[in-house]
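I am opening this notebook page to record what I looked up, one item at a time, with the chain viewed beside its sequence.

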Amino acid sequence: MTDGDGVSYFKEMISKSDKTELQRMASLLTSDSDYFMSIVTTKFGSRRVQKLLGKSDDVDAFFCAAILRRFLHITTDKYASYVTIRAMVVFDKVMKKALYEHILYHALDLACDQHGCIALNDIITDADDPYYRDQLLELVVSNALRLSNDASGNFVVQHVLTLYDSRCIHNIAVNLYGQCIELSFKKYGSYIVEKLLEVEESMVVVVVELLGCDGDRLMRLARNEFGNFVVVKALRFTKEMRMDLFWGLVQKLMPFIHLLRRSHGNNIANILDTFRLRC
């Protein structure tokens, strides 16, 4: 089950097995949680278990129980997490509901895990139950600041923003208002702020905060190794969507153009030079 040999043989064996034989196989694989973990935490073991999912409700019931017993360990593992992802696609509604409840309970743990965040993003994308989908999105939105500062969690916030759900985008922007500048100084936080700048409604929230800070802080942000990307994006998108905000940023940055040329803000200085020449 755990090595790369015999892939074609395994596929053929499954195709020729009847429901009783598949149930027996599922029972043997899942009767001991430690043994099941030793299978699904390997590359080929995970792939083969995924092939067994969705064959029948009786077979799925064995695997569902096994996943629930070690849910967090499985769904945060590099290979085993794909078993949970596959299960959320092929299981029936009753078994999915049981898994959804565990996902909601452990959602923040998943979001802040290197592999769990990938699983959570896939589960959110494929969620076919409106209630649980909304619950997961609301959990991400309400914890946007914590997740934006996390090395893995920020990818979940980014993912939710790329779903282009206007309500979620608005609520994330509102929840992060007052923290956007601080986030922009940080590697992971700056990714989130850049995403917010891509949609006009949330872009306004970010730029209003940029315009509201003192000039020295905005200058330091523009010269920062991460923040300079945020300011460049703010200039680019305000120029496309809101010239009043663009002009406000230009006016606030122009006194520091000589400092920007000698730092990470060189691209910003080039934008300001172009605008000044046109004027």
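**Entry 1: a helix crossing**

I then looked up the geometry of the pair: the axes of α16 (residues 200–212) and α18 come within 11 Å, and they cross at roughly 125°. Because angles from 65 to 115 degrees count as roughly perpendicular and only those over 145 as roughly antiparallel, α16 is oblique to α18. I keep in mind throughout that this is a predicted model.

**Entry 2: Val232**

I stayed with α18, which spans residues 227–241 and holds Val232. What does Val232 contact, leaving aside its neighbours within four places in sequence? I found Asn267, Ile268 and Ile271. I also checked Val232 against Cys180, which is 52 residues apart from it along the chain, and their C-alpha atoms are separated by 15 Å.

**Entry 3: Ile181**

I turned to Ile181, which lies in helix α14 (residues 180–184). Is Ile181 buried or exposed? I put it down as buried, because its relative accessibility is 2% and the cut-off for buried is under 20%. With neighbours within four places in sequence left aside, Ile181 is in contact with Glu209, Leu210, Cys213, Arg217 and Leu221.

For residues 138–174 I noted 76% helix and 0% strand, with the end C-alpha atoms 13 Å apart. For residues 175–212 the span is 79% helix and 0% strand, and the end C-alpha atoms lie 17 Å apart.

**Entry 4: Tyr164**

I looked up Tyr164, which sits in the loop between α12 and α13 (166–176). Although Tyr164 is not a glycine, it has a positive phi of about 55°. I recorded Tyr164 as exposed, because its relative accessible area is 55% and the cut-off for exposed is over 50%.

**Entry 5: the buried side of α9**

Which residues of helix α9 (residues 116–126) are buried? I listed Gly116, Cys117, Ala119, Leu120, Asn121, Ile123 and Ile124. I then asked what they pack against, and found α6 (71–75), α7 (81–90), α8 (93–111), α10 (130–142) and α12 (153–161). For reading such a list I remind myself that an α-helix has 3.6 residues a turn, so residues three or four places apart point the same way.

**Entry 6: α2 and α3**

I finished with helix α2 (residues 19–30) and helix α3 (residues 33–40), whose axes come within 7 Å and cross at roughly 100°. That angle makes α2 roughly perpendicular to α3. In the contact, Leu28, Leu29 and Thr30 of α2 meet Ser33, Tyr35, Phe36 and Ile39 of α3. I divided the residues of this contact of α2 with α3 by class and had 5 nonpolar, 2 polar and no charged.

Notes
Residues numbered from 1 in each chain as written. Predicted model: local features only at pLDDT ≥ 70, side-chain atom pairs only at ≥ 80, totals over all residues. Heavy atoms only, no water. Buried < 20%, exposed > 50% of the residue type's maximum accessible area, 1.4 Å probe, protein only. Helix = DSSP H or I, 4+ residues; strand = E, 2+ residues; numbered from the N terminus. Contact = heavy atoms within 4.5 Å. Axes fitted to C-alpha atoms, helices over the stretch in contact; angles between N-to-C directions. Parallel < 35°, antiparallel > 145°, perpendicular 65-115°, else oblique. Nonpolar A, V, L, I, M, F, W, Y, C, P; charged D, E, K, R; others polar.
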